[in-house]
Amino acid sequence: MFDEIMAKFEDSPGQQAVIRLLLERGFSVNEEGRVVSGGIEIPNTGIAREAGVDRRVVNATTDAILEDEELRRIFRNISSVPSLLDLAPVLDLTAITVSVRSAEESGIVSTVTGAIADRDISIRQVLSEDPEFTDEPRLYVITDEALPGDLINEIRAMPFVRTIELA
């Protein structure tokens with residue numbers, strides 16, 4: 001799906017940058033063509049600055065979204081989810097990032113979280129990036145306590161794991 005969306009903007013790297021930003025942040029586009037997060041409008045100048053484009057590129061992108069039925073359905077309904085990932089160090093939580101060889105494989109989330117739960121470690125949040133919307137999807141698991149070294153090694157040895165990072 002991500003590739004299909006980006007292909008609609010293949011002639012405009014600037015619009016692709018705006019689309020990528022909207023998808024990464026879970027920003028939607030309202031009926032008036034304004035970028036919003038929930039009911040909060042985000043100025044096009046802010047979107048433009050973050051995406052590294054002119055605000056007119058943001059306007060053209062939101063117009064194109066509203067003119068395309070498939071894009072309209074996606075961007076009218078997308079929403080963001082609050083993440084503990086960046087807060088983990090501040091809240092004294094542990095965050096593990098798992099990069100996988102193939103996100104199409106089934107059981108990735110349950111295998112990783114099952115191994116953590118088997119150690120009676122409380123999981124505060126699990127986030128997974130959708131392989132349809134990102135090139136290299138990752139699994140993020142935020143726990144109440146540090147993961148023991150043998151558990152980290154166990155997760156690293158899982159056949160679908162490419163790399164893991166601790167925060």
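Mentor: Five bridges join strand 4 to strand 7 (residues 161–166), and the two strands run antiparallel. Keep in mind that this is a predicted model.

Trainee: Which other strand pairs with strand 4, and in what sense?

Mentor: Strand 6 (residues 138–143) pairs with strand 4, again in the antiparallel sense, over six bridges. To read such a pairing, pick one residue and look up its partners. Take Ile-96: its bridge partner in strand 6 is Val-141, and in strand 7 it stands opposite Leu-166.

Trainee: Is strand 4 buried or exposed?

Mentor: A residue counts as buried when its relative accessible area is under 20%. Seven of the seven residues of strand 4 (residues 94–100) are buried, so the strand is largely enclosed by the rest of the structure.

Trainee: Which residues lie on each side of strand 4?

Mentor: Thr-94, Ile-96, Val-98 and Val-100 are on one side, while Ala-95, Thr-97 and Ser-99 are on the other. Both faces are covered.

Trainee: Where does Leu-91 lie, and how is its accessibility classed?

Mentor: Leu-91 is in the loop between helix 5 (69–77) and strand 4. Partly exposed is the class between buried, under 20%, and exposed, over 50%. Leu-91 has 45% relative accessibility, so it counts as partly exposed.

Trainee: Now Asp-135. Where is it found, and is it buried or exposed?

Mentor: Asp-135 is found in the loop between strand 5 (123–128) and strand 6. With a relative accessible area of 56%, Asp-135 is exposed.

Trainee: Which residues does Asp-135 touch, leaving out those up to four places away in sequence?

Mentor: Asp-135 touches Phe-2, Asp-3 and Arg-20. Asp-135 and Phe-2 are 133 residues apart in sequence, yet 8.3 Å apart in space, C-alpha to C-alpha.

Trainee: What domains does the domain assignment give?

Mentor: The assignment gives domain 1 (1–76) and domain 2 (85–166). Their centres, taken over C-alpha atoms, are separated by 30 Å.

Trainee: How many residues does the contact take from each domain?

Mentor: Six residues come from domain 1 and four residues from domain 2. A residue count is one way to describe a contact. The size of an interface is often given as the accessible area lost when the parts come together.

Note on methods:
Residues numbered from 1 in each chain as written. Predicted model: local features only at pLDDT ≥ 70, side-chain atom pairs only at ≥ 80, totals over all residues. Heavy atoms only, no water. Buried < 20%, exposed > 50% of the residue type's maximum accessible area, 1.4 Å probe, protein only. Helix = DSSP H or I, 4+ residues; strand = E, 2+ residues; numbered from the N terminus. Pairing = 2+ DSSP bridges. Contact = heavy atoms within 4.5 Å. Domains from an automatic or database assignment.
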